[in-house]
Amino acid sequence: MSQLVAYSLLYLFGTLISALAQVLLKKSALRRHESRLAEYLNPLVIVGYAIFFAATLCTMFAYRVVPLSLGPVLESTSYVYVAVFGRVFFNERLTRRKALALALIVGGIFIYALGV
């Protein structure tokens, strides 16, 4: 496996776990908390921010090899992750409009990746 592919996969992993951290933070936000302090110092929030930190480290290491021009393309996969996780974890509707938007994003990623 080439170094670019390996580091691109690391970047994508960072994007994936970042989306998972967003799920944890939203789960926490939907709960009632006893106090303002408990709203921010609860396991979901703490783990969510720890995952964000790990995702940032993945991105930093990935940029050692991944060209800056490719980073935003890889980062755009987060839209797909968030839509899927919203459906799975929060039972959010995936409307035709959202599906079309996701298809355009994925299509743009493929066009860029293939160099068309």
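Reader: What does the secondary structure of the protein chain come to?

Author: The chain comes to six helices and zero strands, and this is a predicted model. Read from the N terminus, the order of elements is α-α-α-α-α-α.

Reader: And what does the C-alpha trace span along its principal axes?

Author: The C-alpha trace of the protein chain spans about 55 × 35 × 20 Å along those axes.

Reader: How much of the chain is buried?

Author: Buried residues make up 27% of the 116 residues in the protein chain. As for contacts, if one takes those with a sequence separation of 6 or more, 74% of them are between residues 24 or more positions apart.

Reader: OK, helix packing then. At what angle do α1 and α3 pack?

Author: Helix α1, residues 3–29, packs against helix α3, residues 43–62, at an angle of about 165 degrees, and their axes are 8 Å apart. That angle makes α1 roughly antiparallel to α3, and the crossing in which α1 passes α3 is left-handed.

Reader: What about α1 and α5, how do they pack?

Author: For α1 and α5 the angle is about 40 degrees, with the axes 9 Å apart, and α1 passes α5 in a right-handed crossing.

Reader: Which residues meet there?

Author: From α1 the residues are L12, T15, L16, A19, L20, Q22, V23, K26 and K27, and in α5 they meet T77, S78, Y81, V82, F85, F89 and F90.

Reader: T77 is in that list; is T77 buried or exposed?

Author: T77, which lies in helix α5, is counted as buried because its relative accessible area is 14%, and the cut-off for buried is under 20%. Leaving out residues up to four places away in sequence, T77 touches L12, T15 and I109.

Reader: Where is V106 found, and how far are the C-alpha atoms of V106 and V80 separated?

Author: V106 is found in helix α6, residues 96–114. The C-alpha atoms of V106 and V80 are separated by 8.1 Å, and these two residues are 26 apart along the chain. V106 is classed as partly exposed, since its relative accessible area is 30%.

Reader: Let's move to the loops. Where is S76 found?

Author: S76 is found in the loop between α4, residues 71–75, and α5, residues 77–90. With a relative accessible area of 15%, S76 is buried.

Reader: What lies 2.6 Å from a polar atom of the S76 side chain?

Author: That is the backbone oxygen of V73. Once neighbours within four places in sequence are set aside, S76 is in contact with I105 and I109.

Reader: Which residues make up the largest nonpolar core?

Author: The largest nonpolar core has seven residues in all, namely Y11, A62, V66, L70, V73, L74 and I109. Of these, A62 touches Y7, L10 and Y11, again not counting residues up to four places away in sequence.

Reader: And L70, where does L70 lie, and what does L70 touch?

Author: L70 lies in the loop between α3 and α4, and, at 17% relative accessibility, L70 counts as buried. With residues up to four places away in sequence left out, L70 touches L4, S8 and Y112. By comparison, the C-alpha atoms of L70 and R31, which are 39 residues apart along the chain, are separated by 38 Å.

Reader: One last thing, the backbone. What is phi of N91 near?

Author: Phi of N91 is near 55 degrees, a positive value in a residue other than glycine. Most residues other than glycine have a negative phi. N91 lies in the loop between α5 and α6.

Reader: Is N91 buried or exposed?

Author: N91 is exposed, because its relative accessible area is 57% and the cut-off for exposed is over 50%.

Methods:
Residues numbered from 1 in each chain as written. Predicted model: local features only at pLDDT ≥ 70, side-chain atom pairs only at ≥ 80, totals over all residues. Heavy atoms only, no water. Core = buried A, V, L, I, M, F, W, Y, C linked by side-chain atoms within 4.5 Å. Buried < 20%, exposed > 50% of the residue type's maximum accessible area, 1.4 Å probe, protein only. Contact = heavy atoms within 4.5 Å. Helix = DSSP H or I, 4+ residues; strand = E, 2+ residues; numbered from the N terminus. Polar contact = N/O pair within 3.5 Å; in protein donor to acceptor, adjacent residues only side chain to side chain. Axes fitted to C-alpha atoms, helices over the stretch in contact; angles between N-to-C directions. Parallel < 35°, antiparallel > 145°, perpendicular 65-115°, else oblique. Left-handed = near helix turned anticlockwise from the far one by under 90°.
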